[in-house]
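Hi,

Here is the structure I said I would pass on.

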Amino acid sequence: MARMGSRAQAVPRFYSSEPLFGEVAPEVMEAMLIRLATENERYLSELPGQAGCCKESRTVEFIFLLAEKWRLDHSARYQAVELLERFMIKQIEQICKSPSENMESTKEGSRRSSLKEQIYDTFVLRLVSCIQLASKLSLHYNIVNSDTALKFLQSLKYSYTKQELLESELAVLETLQFQINVSTPLAYVELLLEVLGHNGGLLPAKPLHQMCVQLLDFLYLKREAIYDTLLKTAIENSTPSELQIAKFLAVKEDFMLLAVGIISTSVFVLNPEHWEQVVEHLNCITGITSQSILEFSHAVLKHVIGSTTPKQHRRK
């Protein structure tokens, strides 16, 4: 769906990371939608309890700023966040293994302490490695090479060598069993925009896509606050129980819900008179209820612009 730049044309003006809408055959869209929905459902069914542990605002902002510094497209920045998240979950799982799965219990304390220290000491290195890998996955003309990454790390007073940087990339790859080409929420958004356009889109795709990206950035940076609002709205209670918070984890990690919520909110901002019709289309495409989409948009808009929300604009 996204236009790919030629390696020979390594000058920014010859490259556009914006997707080309209206170029995908209906049968391809259907197959892609089924694949993404299946991938999303599979991930949610196997959701680790540590999911979301590395999507803290400061970490996300660090990745976004580095991606901007290195002129990577939005797909790469989201990919880097997801790669770091999945890598760190694997690391945490390794720490939490029982003694019988690791080694004798007498050595377990020092083992866990050593792993924790290693994770802490190499966190920035692993973060940079995830951005490097994401830059390669995005097929962007501006891949982050070792020299660029080392220069940045040295500016932070780290003394890593090129060999250590390469070993860090390999550590991420091996930990994730080389399964690094995971779909990001942006892929869901762009596919759903393509489907909406095919079904007779009510808004031009380009400005809608731009608004979606801006709101997706905002949500990544304000993730905890927005989902906290969504949880309290859903349960109609300002003090959720621990059980409710635990069950809500699947909602926070649902990329399809995130995508429809971002599109719905974007339409409401750009052209609110078409909002209800778009929500109905999204409901038909994904099976996500209109009420769930409404609540998601309400939560996002509450943090973007305050009191003006879809709830107040909905027809009686």
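The buried residues of α10 pack against a whole set of other helices: α2 (57-69), α3 (74-95), α9 (185-198), α11 (223-235), α14 (255-270) and α16 (290-304). On the α10 side, the buried residues are Leu-208, His-209, Met-211, Cys-212, Val-213, Leu-215, Leu-216, Asp-217, Leu-219 and Tyr-220. Helix α10 itself covers residues 205-221, so to speak 17 residues in a row, and spans 24 Å from the first C-alpha to the last, close to the 24 Å expected at 1.5 Å a residue.

Before you read too much into any of this, remember that the model is predicted. The mean pLDDT of the protein chain is 86, and 84% of the residues reach 70 or more. The stretch to treat separately is residues 1-16, where pLDDT is below 50. Beyond near neighbours in sequence, that stretch still has 25 contacts in the model.

As for the chain overall, the secondary structure comes to 17 helices and 0 strands. The chain has 316 residues, and 45% of them count as buried. Among contacts with a separation of 6 or more, 74% are between residues 24 or more positions apart.

The structure holds 1 cavity of 30 Å³ or more, and the largest cavity has a volume of about 60 Å³. Its lining is made up of Lys-55, Glu-82, Pro-185, Leu-219, Tyr-220, Arg-223, Tyr-227, Lys-252, Phe-255 and Leu-258. Helices α10, α11 and α14 are the elements that give two or more residues to that lining. By class, the lining of the largest cavity has 6 nonpolar and 4 charged residues, with no polar ones.

There is also an open space to look at: the second largest pocket, with a volume of about 650 Å³. Of the 21 residues that line this pocket, Tyr-43, Glu-46, Arg-86, Gln-179 and Val-182 are the closest to its centre. Both α1 (26-45) and α3 supply at least two residues of the lining. The lining of the second largest pocket divides into 8 nonpolar, 6 polar and 7 charged residues.

Glu-194 is found in helix α9. Is Glu-194 buried or exposed? With a relative accessible area of 3%, Glu-194 falls under the 20% cut-off and therefore counts as buried. Glu-194 and Pro-26 are 168 residues apart in sequence, yet their C-alphas are 9.6 Å apart in space.

The other two are about backbone angles. Most residues other than glycine have a negative phi. Arg-71, in the loop between α2 and α3, has a positive phi, near 60 degrees. Lys-157 has a positive phi too, near 75 degrees, and lies in the loop between α7 (146-155) and α8 (162-175). Arg-71 counts as partly exposed at 45% relative accessibility, while Lys-157 counts as exposed at 76%.

Technical notes:
Residues numbered from 1 in each chain as written. Predicted model: local features only at pLDDT ≥ 70, side-chain atom pairs only at ≥ 80, totals over all residues. Heavy atoms only, no water. Helix = DSSP H or I, 4+ residues; strand = E, 2+ residues; numbered from the N terminus. Expected span 1.5 Å × (residues − 1). Buried < 20%, exposed > 50% of the residue type's maximum accessible area, 1.4 Å probe, protein only. Contact = heavy atoms within 4.5 Å. 1 Å grid on protein atoms, 1.4 Å probe; cavity = no way out; pocket = protein on both sides within 12 Å on 5 of 7 lines; lining within 4 Å. Points joined across faces, edges and corners; volume = space filled by probe spheres on them. Nonpolar A, V, L, I, M, F, W, Y, C, P; charged D, E, K, R; others polar. pLDDT = per-residue confidence, 0-100.
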